[in-house]
Amino acid sequence: MGANIIELDYDSASSVKKALTGVDVFISTWGAPTITKQIDLAGPAQQAGVKLFVPSEFGADTEEINRIPFQGAKLDVQKKLRDIGLPYTLFQTGTWSDTCSVP
């Protein structure tokens, strides 16, 4: 099974909804500078029928480390997902998993 490439405008809720229609799991990989953009994607994802939203959460536990500015933004994304009732899961791999591994 191959991948479908879909052009979309992340600033358009209808474009995001159209792109996510038929998608069961949405894995977001937004970086720290744009992490709050996921808040705008949550509603269209839910409307499109997405069953599970995986926000960018590939670092430390945000419940434990919420004093770092972008960690607070991650908590805002989680709150939005809870508020609209869209199921989500978090993958927390640790703060330095990428920088401390030896190839």
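**View 1. The largest pocket holds about 370 Å³ of space.** This is a predicted model, where local features need pLDDT of at least 70, side-chain atom pairs count only at pLDDT 80 or more, and totals for chains, interfaces and linings use all residues. Residues are numbered from 1 along each chain as its sequence is written, and side-chain values use heavy atoms, with hydrogens and water left out. A pocket here is an open set of points on a 1 Å grid over the protein atoms alone, where a 1.4 Å probe fits, with protein on both sides within 12 Å along at least five of seven lines; lining residues have an atom within 4 Å of a point. The volume is the space filled by probe spheres set on the points, which are joined across faces, edges and corners.

View 2. Of its 15 lining residues, Asn4, Ile6, Ala19, Leu20 and Val23 sit closest to the centre. H1 and S1 are the elements that give two or more residues to the lining, and H1 supplies the largest share, three residues. (Helices are DSSP runs of H or I with at least four residues, strands are runs of E with at least two, and both are numbered from the N terminus.) Sorted by type, the lining has 11 nonpolar residues, four polar and no charged. Nonpolar covers Ala, Val, Leu, Ile, Met, Phe, Trp, Tyr, Cys and Pro, charged covers Asp, Glu, Lys and Arg, and the others, Gly among them, are polar.

View 3. (Rings of Phe, Tyr and Trp, the last by its six-membered ring, pair if their centres lie within 6.5 Å, and planes over 60 degrees apart count as edge-to-face.) Tyr10 comes in the segment before helix H1 (13–20), while Trp30 is in the loop between strand S1 (25–27) and helix H2 (37–47), 20 residues apart. Tyr10 is partly exposed at 42% relative accessible area, and so is Trp30 at 23%. (Buried means under 20%, exposed over 50%, partly exposed in between, with a 1.4 Å probe and protein chains only.)

**View 4. Phe26 and Phe53 make another edge-to-face pair.** Their centres are 5.0 Å apart, again with 80° between the planes. Phe26 belongs to strand S1 and Phe53 to strand S2 (residues 52–54), so the pair ties together parts 27 residues apart in sequence. Phe26 is buried at 15%, and Phe53 is buried at 0%.

**View 5. Now for helix H2 and what follows.** Among the buried residues of H2 are Lys37, Leu41 and Pro44. After H2 comes Gly49, with a positive phi near 95°.

How values were computed: Rings of Phe, Tyr and Trp (its six-membered ring) pair if their centres lie within 6.5 Å; planes under 30 degrees apart count as stacked, over 60 as edge-to-face and the rest as tilted.
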